[in-house]
Amino acid sequence: MRTRPTEIAQKLKEITEQGLFSARSGNIPTWCPGCGYFGIHHGLTTAIHKMGLKHHEVVIVSGIGCAGRYPFFSSTYGLHTVHGRALPVATGVKLARPELTVFAVGGDGDGLGIGGGHLPHIARRNVDVNYILFDNSIYGLTKGQPSPSSPLGFKTKASPQGTKDQPLNGTLMALSYGATFVARLFAGNPDQIAEVLTQAVQHKGFAFLHVYTSCVTFDKEFKTWEHLKKWVHPLPKDHETSDIKQAIVLAMDDPFAMGIIYKKARRLGPPENGG
Ligand code: SF4
Ligand code: MG
């Protein structure tokens, strides 16, 4: 059933009155209509609003790519940095101003390809940064090449016979290197994104939010809305978020289970006595 313009206007009025748009800047996002990034944007701005974070106490750091434009669309502070370098810059911001709430945002090409070498280090150091990986398994800004998370055999104009490489599992990578908060989320569920982000901000340590999203312009065969809506499902009811072994098995065997996969308290900074 199609939503009528009057219903859209009413919904918009409600959202505006609730203040959910307050963390948005006056710049209208330039993403393609239907892009999953709108859902992530709604989740993050809702979380900022609901937590009552003051906009001047929040910094959003991005790299390069369609997701790299994110800071322009937010009324918080922001840094649009170099390709793949959101995490080291976010680390620097947090070290210099520990009282600020810091988010790093970026796509799968930016975060797992060009910047893939930074994820292990921010995870093992447990820096108190919230990293949102917008994973649509394709390079969108450069018009549709396969990325490190593209599935085997994925056809694009840069891989007309299908990719020959196994995909990289970002969730597993973050768990392997000691991330203390790891969640998998779906761009089509901004309410869950907002809820989990709230918990991620309260968590003291590195939080990795792996968001599956759709590139409607360049991917017509894999992470389409139609497929993602069919594939995503909640975590098993008996999943124990403090059990690293369960988390690792789930990350490997159930790639479309959504929710907080792992959460563990660990002290920030280097261990005492070298242990
Ligand atoms: Fe979104 Fe793809 Fe358009 Fe980029 S190219 S804005 S990822 S739909
Ligand atoms: Mg991408």
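Helix 2 (residues 37-51) lies across strand 1, strand 3 (101-107), strand 4 (130-135) and strand 8 (207-212), and runs at about 160 degrees to strand 4. Contact here means heavy atoms within 4.5 Å; axes are lines fitted to C-alpha atoms, for helices over the stretch in contact, with angles from 0 to 180 degrees between N-to-C directions. Helices (H or I, at least four residues) and strands (E, at least two) are DSSP runs numbered from the N terminus.

This is a predicted model, in which local features need pLDDT of at least 70 and side-chain atom pairs count only at pLDDT 80 or more, while totals for chains, interfaces and linings use all residues. Residues are numbered from 1 along each chain as its sequence is written, chains are lettered from A and ligands numbered from 1 in the order written, and side-chain values use heavy atoms, leaving out hydrogens and water.

The sheet itself is open, with eight strands in the order 2-1-3-4-8-7-10-9 and mixed pairing; two strands pair if DSSP finds at least two bridges between them. Its edges are strand 2 (77-80) and strand 9 (233-234). Strand 1 (residues 58-62) runs parallel to strand 2, joined by four bridges, and I60 has G78 as its bridge partner in strand 2.

I turn now to the metal. The magnesium ion (ligand 2) is coordinated by D108 (OD), N136 (OD1) and I138 (O) at 2.1 to 2.5 Å. Donors are N, O and S atoms within 2.8 Å of the metal (3.2 Å for Na, K and Ca); water is not among the atoms, so sites may look incomplete. Because D108 lies in helix 4 (residues 108-114) and N136 in the loop between strand 4 and strand 5 (138-139), the pair ties together parts 28 residues apart in sequence.
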